[in-house]
Amino acid sequence: MIMSANGKSNKMKLLVVGLGGIGSQLTELIVPALDISGLNVELNFMDGDIVEDNNLAHQRFSSEDENSPKVEVLQQRYQRYENVRTVSHNNNLTTQSQLEGYDIIVVAVDRHEPRNLVHGSDAHWVDPRCQGDGWLLIDS
């Protein structure tokens with residue numbers, strides 16, 4: 001529910017699906033920007049994976065995070081921001097109903113099933129998929 005500066009609501013509910021290479025890097029950049037935006041942001045993280053040793057080279061996690069759920073690591077990391085409230089969903093996207101109520105959905109997964117669910121939803125979405133040695137950004 002993002003409204004203009006004419007006194008209407010400035011709340012925004014954002015979902016990031018997938019916290020691997022793209023999702024974890026993206027959150028590192030957008031959380032500080034969202035905090036100073038003047039919006040009241042609820043940032044939801046959805047991923048059923050835990051941090052593993054092979055994630056450390058290309059994802060925004062450290063060895064201290066290993067064996068912890070990715071969503072919980074990032075939720076704790078970003079709880080210090082005043083205008084961004086983080087919510088963790090320690091599960092994978094499997095149904096359309098999990099997408100209800102969000103203003104913007106970022107789909108940052110490498111599997112087709114959840115990506116197709118987001119693309120088929122009525123929500124505004126962004127898909128910053130990586131395909132080998134380049135980027136492709138698709139939006140709704």
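**Reading charges and cores in a predicted model**

Guide: Let's start at K70, which lies in helix α2 (residues 70-78); helices (H or I, at least four residues) and strands (E, at least two) are DSSP runs, numbered from the N terminus. This is a predicted model, in which local features need pLDDT of at least 70, side-chain atom pairs count only at pLDDT 80 or more, and totals for chains, interfaces and linings use all residues. Residues are numbered from 1 along each chain as its sequence is written, and side-chain values use heavy atoms, leaving out hydrogens and water.

Visitor: How many salt bridges does the structure hold?

Guide: Side chains of opposite charge can pair when their charged atoms come close. Here there are six salt bridges. One joins D127 and R115, with the closest N and O atoms 2.8 Å apart. D127 lies in strand β5 (residues 124-131) and R115 in helix α3 (residues 112-119), so this pair ties together parts twelve residues apart in sequence. D127 is buried at a relative accessible area of 0%, and R115 counts as buried at 7%.

Visitor: Which residues are linked with E28 in a network of salt bridges?

Guide: The network links E28, R60, D65 and R77. Within it, E28 and R77 form a salt bridge whose closest N and O atoms are 3.4 Å apart. E28 sits in helix α1 and R77 in helix α2, 49 residues apart.

Visitor: Which residues touch the most other members in the largest nonpolar core?

Guide: A nonpolar core is a set of buried Ala, Val, Leu, Ile, Met, Phe, Trp, Tyr and Cys residues joined through side-chain atoms within 4.5 Å. In the largest one, with 19 residues, they are V41, L43, F45 and V84. Helix α2 gives the most to this core, with four residues. Apart from it lies another core of 13 residues, including L15 and Y102.

Definitions and conventions
Buried < 20%, exposed > 50% of the residue type's maximum accessible area, 1.4 Å probe, protein only. Salt bridge = Lys/Arg side-chain N within 4 Å of Asp/Glu carboxyl O.
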